[in-house]
Amino acid sequence: MARILLGVSGGIAAYKALEFARLATLGGHGVRVLMSETASRFVGAASFEGIVGAPVLVSEFERDPMRGAFPGEEPPGHDPIGHLELAANCDAMLVAPATANTVAKLAAGAADSMLTTSFLACTAPRLLAPAMNDRMYADAATQANLATLRERGVEVIEPDEGRLASRGEYGRGRLPDPERLLARAEAALPAGERPWDGLRVLVTAGGTREPIDPVRFIGNRSSGRMGIALAAAAARRGAEVTLIAANVALPEPAGVRRIDVESAAQLAAAAEAEFPRTHLLLMAAAPADFRAATTATEKMARADGLELRLEPTEDILAALTATRAEGQTIVGFAAEHGGDGVDRAREKRQRKGADMIVLNDVSDPAIGFESSENAVTLIDAEGEVEVPIASKDAIAEAILDRSGQLRAKAGGPAG
Ligand SMILES: Cc1cc2nc3c(=O)[nH]c(=O)nc-3n(C[C@H](O)[C@H](O)[C@H](O)COP(=O)(O)O)c2cc1C
């Protein structure tokens, strides 16, 4: 796992950096923390130290008791210069939150603290997550400073738009969720250091269309957003990702191989062809359960009337689990309408032989199909875990975390 150097400057969102440190440490990374003087007025060094298991440094004149080593590593036999050693040893450096002041200093190349000197000396990938009031963020000085840093190869993680810390204010300036910060930091890590390097992931997304005649079809409301979020999250972890997209209008995430399909039969054929080389299958698509038994070759006229006879489509998930080899993990999805949905999803997992079922309650209009948010229940052989309402990106991370745990338990590589 990687060594992540976290710089924390003095803004309200500094409390979110604690959660970042916790998630990164839980994820197996070694984390060292550098704080600006001001940051310690917002959160305490003791909290970071307790979470990462290493001392926090503020001034470049402080002695580093770990002599530039990351948690889990042996310190060197000599006493190196602190601000050079941590910067040289890390695999990536993230400044989060980055205040307007710290952004300005870094753009100017100022080096007046442990955080700023280390940033200047760091040749590993450097990331910056600005967080501030929307007017401070929109100001030409801040934007010019960020543009300068981008030009120099620093990855700027755009702040989110939403409710700001100052009472009643709303705008762009919020620090993104720690899960997303971690995903971006992991994506920036060199190959070989990312947690899912070497893992091949197959994701299906979207909803199938079953033709009635050349212009009409039976479809469903799946937008493909959940599958896209899963593909993006797996790619950020370093996996080689193939996305089978059924009528998805959204672009595929960077680095993801895409196969477009329309009908359930095409989805089944593509999935069967890709499955043998897959380590982790995530079946987020909504294939139709029925198709028209006969399809008209020409557009049908209203005057002729329409009587449809439907026949069931192939059960793609069950067909794939029947051919599974050792080391393959299969995650299915179930859209259920409230009530005893958990029982039905539990039964579906067993009947289809999947390792896990992700249950969506489609009776709640605030989540699911076309929404950018979701809430799911993860059902596996050990029981259920509820993932409360969150962005589909955050839900994707939770699904991948649990899939990785299942793979680790089964002795599979990566995850
Ligand atoms: C209550 C309070 C909240 C603040 N929040 C932010 C913030 O979210 N973002 C920011 O850029 N500055 C914020 N500031 C201003 C910074 O703390 C100030 O610019 C400081 O000099 C930053 O120092 P540093 O960049 O060395 O950490 C805040 C100040 C106060 C008093």
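An oxygen atom of the ligand lies 2.5 Å from an N or O atom in the side chain of Thr99. The model is predicted, local features require pLDDT of at least 70, side-chain atom pairs count only at pLDDT 80 or more, and totals for chains, interfaces and linings use all residues. Residues are numbered from 1 along each chain as its sequence is written, and side-chain values use heavy atoms, with hydrogens and water left out.

**View A. Surroundings of the ligand.** The ligand is surrounded by 14 residues, where a residue is near a molecule if one of its heavy atoms lies within 4 Å of it. Gly10, Ser36, Thr99, Ala100 and Thr102 are the closest. At Gly10, a polar backbone atom is 2.6 Å from an oxygen atom of the ligand.

**View B. Packing of helices α5 and α8.** Helix α5 (residues 100-108) packs against helix α8 (residues 140-151) at an angle of about 45°, and their axes are 9 Å apart. α5 is therefore oblique to α8. Helices are DSSP runs (H or I, at least four residues) and strands likewise (E, at least two), numbered from the N terminus. Axes are lines fitted to C-alpha atoms, for helices over the stretch in contact, and angles run from 0 to 180 degrees between N-to-C directions. Angles under 35 degrees count as roughly parallel, over 145 as roughly antiparallel, 65 to 115 as roughly perpendicular and the rest as oblique. The crossing of α5 past α8 is left-handed, meaning that the near helix is turned anticlockwise from the far one by less than a right angle, whereas clockwise gives a right-handed crossing. Ala100, Val103, Ala104, Leu106 and Ala107 of α5 meet Thr142, Asn145, Leu146, Thr148 and Leu149 of α8, contact being heavy atoms within 4.5 Å. This contact of α5 with α8 comprises seven nonpolar, three polar and no charged residues. Ala, Val, Leu, Ile, Met, Phe, Trp, Tyr, Cys and Pro count as nonpolar, Asp, Glu, Lys and Arg as charged, and the others, Gly among them, as polar.

**View C. Packing of helices α10 and α14.** Helix α10 (residues 225-236) and helix α14 (residues 392-409) cross at roughly 60°, their axes coming within 8 Å. α10 is therefore oblique to α14. Their crossing is right-handed. Residues of α10 in the contact include Arg225, Met226 and Arg236, and those of α14 include Lys392, Asp393 and Glu397. By class, the contact of α10 with α14 has nine nonpolar, no polar and five charged residues.

**View D. Packing of helices α4 and α6.** α4 and helix α6 (residues 114-121) pack at about 50°, with axes 8 Å apart. The contact joins Gly82, His83, Leu84, Leu86 and Ala87 of α4 to Met114, Thr117, Ser118 and Ala121 of α6.

**View E. Backbone features at Pro97 and Arg67.** Ala96 and Pro97 are joined by a cis peptide bond, with omega about -5°. Pro97 is placed in strand β3 (residues 92-98). Arg67, a residue other than glycine, has a positive phi near 45° and lies in the loop between α3 (45-52) and α4 (82-89). Most residues other than glycine have a negative phi, and most peptide bonds are trans.

Definitions and conventions: A polar contact is a pair of N or O atoms within 3.5 Å; within protein, one must be able to donate a hydrogen and the other to accept it, and residues adjacent in sequence count only if both atoms are side-chain atoms.
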